[in-house]
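Have the viewer ready and your selection tool at hand. We will go from stop to stop, picking residues and looking at what sits around them.

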Amino acid sequence: IVHRGPDDRGEYLSPGGICALGHTRLAILDLSAAGHQPMLDAETGNAIVFNGEIYNFAALRAECEAGGYRFRSHSDTEVILALYSRHGVDCLRHLRGMFAFAIWDERQRRLFFARDRLGKKPFHFAESQEGFAFCSEIDPLARHAWTDRRLDRQALDFFLHLQYVPAPLSIYRGIRKLPPAHYGLLDIDGLRIAPYWSLDYRGKIEMDDAEALDAFEEKLAEAVRLRMVADVPVGALLSGGVDSSVIVALMAKQSAAPVRTFSVGFSEAAFDESAFARQAAERCGTLHHPAELGAPDISMLPTLVRRYGEPYGDSSALPSFSVCAAARQELKVVLNGDGGDELLGGYPRYSLPDATIRLATWIRRRRPLPLIDPARWLSSRGPFPFKKLRRLALDHLLLPDAGPFTMYGGSRNDAVRHTLLGDDALAGNLPQWRADWFRRARLASDNPVDSMLWLDNHTYLPGDLLVKMDIAAMHCGLEARSPLLDHELIEFCARLPARFKVRHRTGKWLLKKLAERY
């Protein structure tokens, strides 16, 4: 995984020979040798390997220093070690950032590992009779001698429909993904995995439009400011969409020098959005670097296959590689607009009429629905006009929040997958998965917009979008930071009423109002 960390590398072996850690470093904070990993805590003997950034590390460092901890570096890695020595596993609730890390606790003879709340950074592991191995990417782990490399047919079934393999599965039977917002403990008693954070869309706060907009701008501006802290230059990926454009506008407002921005355009006009990126760059006064893609660079496909390590079907993987490679020629860190659609409902499926949102919310409060597989109901057939009436009832009254499941209509459906795989044991795989996520989404929300947001934040975002950006950026040693995925911002927006997210069939209403200010 040297491509993920080209600046430094290191190894560690615990005194008893129980735990070996390895690390390749992309130096962002404290570029000196003091930031070398694996990093040891001299007081406790604990050792850490860490991938990511802790954005509130300065405040956390001050707290630890006030408690008597003496730091030997200026890196955020050491802050995690200090917090763990003070709080143990509970250190996770203090961290604001993107991270995957593992700490070898020498005194307790245990490995503690964790992944950030939204799943920005990956953690793959293989457990076998020989031992426990983990890695930031699937391909190197698949080549480890301990890994069971047999095909996981359940994972293949998921991929054929979703175009990605959802956690905790991978395409290999022997490799599993630690889900977002989970941690693990491995010791002589075995492996235990548990969640440490949950997202709840109930318990609303009431504000008028002006109050909500001011509070949203303040919280997003703070998220941007925290992510501009680095010991290397920071730029931005600018697609020209509202999400990345607002992020760049907030960066420009807080930066003394012009922000460097990067975009990718296409020679085919039907696919090209580079004009919007140029317009946003001019408005924000950035140093803009557009790159144009002609025909797809097929020679990159073997590299994509190797980096993803398993089947992955998002068509924007290639342009993501290209724009990251262009940015890496000048920078090590970029901000992006990832997460805006999942924050405030930006996809077309969120564009429900106001009356539908109110009526579905009213119905749900008075009569909770039986838990069903929504995709199966919505795809069922019947004679006209009953089919039309049934569809209207489902879409506007009973299942307006089934959009995250029906978006895969162009992929292989249950019947086609059964024919392809010829495995009756997999017949209930997707229906059960959908029903379980649907049940959990409705328990955490009270209206169809929030149900879809909860679903997208737990399935499509970490399983597809964040995997794409992590692989595309880290392939060339570029760190991508996402202010719209700040967990404190997400918690704030989760508590906002639905009218601030979708209004008059317009999604991301609050974000678009903020864009108007700039």
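Start by selecting Arg 61 and Phe 71: in this predicted model, the charged end of Arg 61 sits over the ring of Phe 71, 4.4 Å from the ring centre. For another arrangement of this kind, select Arg 503 and Trp 509. Here the charged end of Arg 503 sits over the Trp 509 ring, at 3.7 Å from its centre.

Now let's turn to rings beside rings. How many aromatic pairs does a search of the whole structure find? The count is 19. To see one of them, select Trp 437 and Trp 454. Their ring centres are 5.7 Å apart and their planes meet at 50°, so this pair is tilted. Colour the helices and you will find Trp 437 in helix α16 (residues 429-443) and Trp 454 in helix α17 (residues 448-458), so the pair ties together parts that are 17 residues apart in sequence.

Are these two tryptophans buried or exposed? Trp 437 has a relative accessible area of 12% and Trp 454 has 6%.

Phe 500 and Trp 509 make a tilted aromatic pair, with 6.3 Å from centre to centre and 50° between the planes. Both of these residues are buried. So Trp 509 can be viewed with two partners: the ring of Phe 500 pairs with its ring, and the charged end of Arg 503 sits over it.

Next, select Tyr 84, Phe 99, Phe 101, Phe 112 and Tyr 183 together, and you have one aromatic cluster on screen.

The whole structure holds 5 cavities of 30 Å³ or more. Of its 13 lining residues, select Gly 97, Met 98, Lys 120, Arg 227 and Leu 485, which lie nearest the centre. Sorted by class, this lining has 4 nonpolar, 3 polar and 6 charged residues.

Finally, visit the second largest cavity, with about 60 Å³ of space. Which helix gives the most to its lining? Select helix α18 (residues 460-474), which supplies 5 residues. Among the lining residues are Leu 466, Met 469 and Asp 470, along with Met 98 and Lys 120. The classes here are 6 nonpolar, no polar and 3 charged.

Terms used. Residues numbered from 1 in each chain as written. Predicted model: local features only at pLDDT ≥ 70, side-chain atom pairs only at ≥ 80, totals over all residues. Heavy atoms only, no water. 1 Å grid on protein atoms, 1.4 Å probe; cavity = no way out; pocket = protein on both sides within 12 Å on 5 of 7 lines; lining within 4 Å. Points joined across faces, edges and corners; volume = space filled by probe spheres on them. Nonpolar A, V, L, I, M, F, W, Y, C, P; charged D, E, K, R; others polar. Helix = DSSP H or I, 4+ residues; strand = E, 2+ residues; numbered from the N terminus. Phe/Tyr/Trp six-rings, centres within 6.5 Å; stacked < 30°, edge-to-face > 60°. Buried < 20%, exposed > 50% of the residue type's maximum accessible area, 1.4 Å probe, protein only. Lys NZ or Arg CZ within 6 Å of the ring centre and 35° of its normal.
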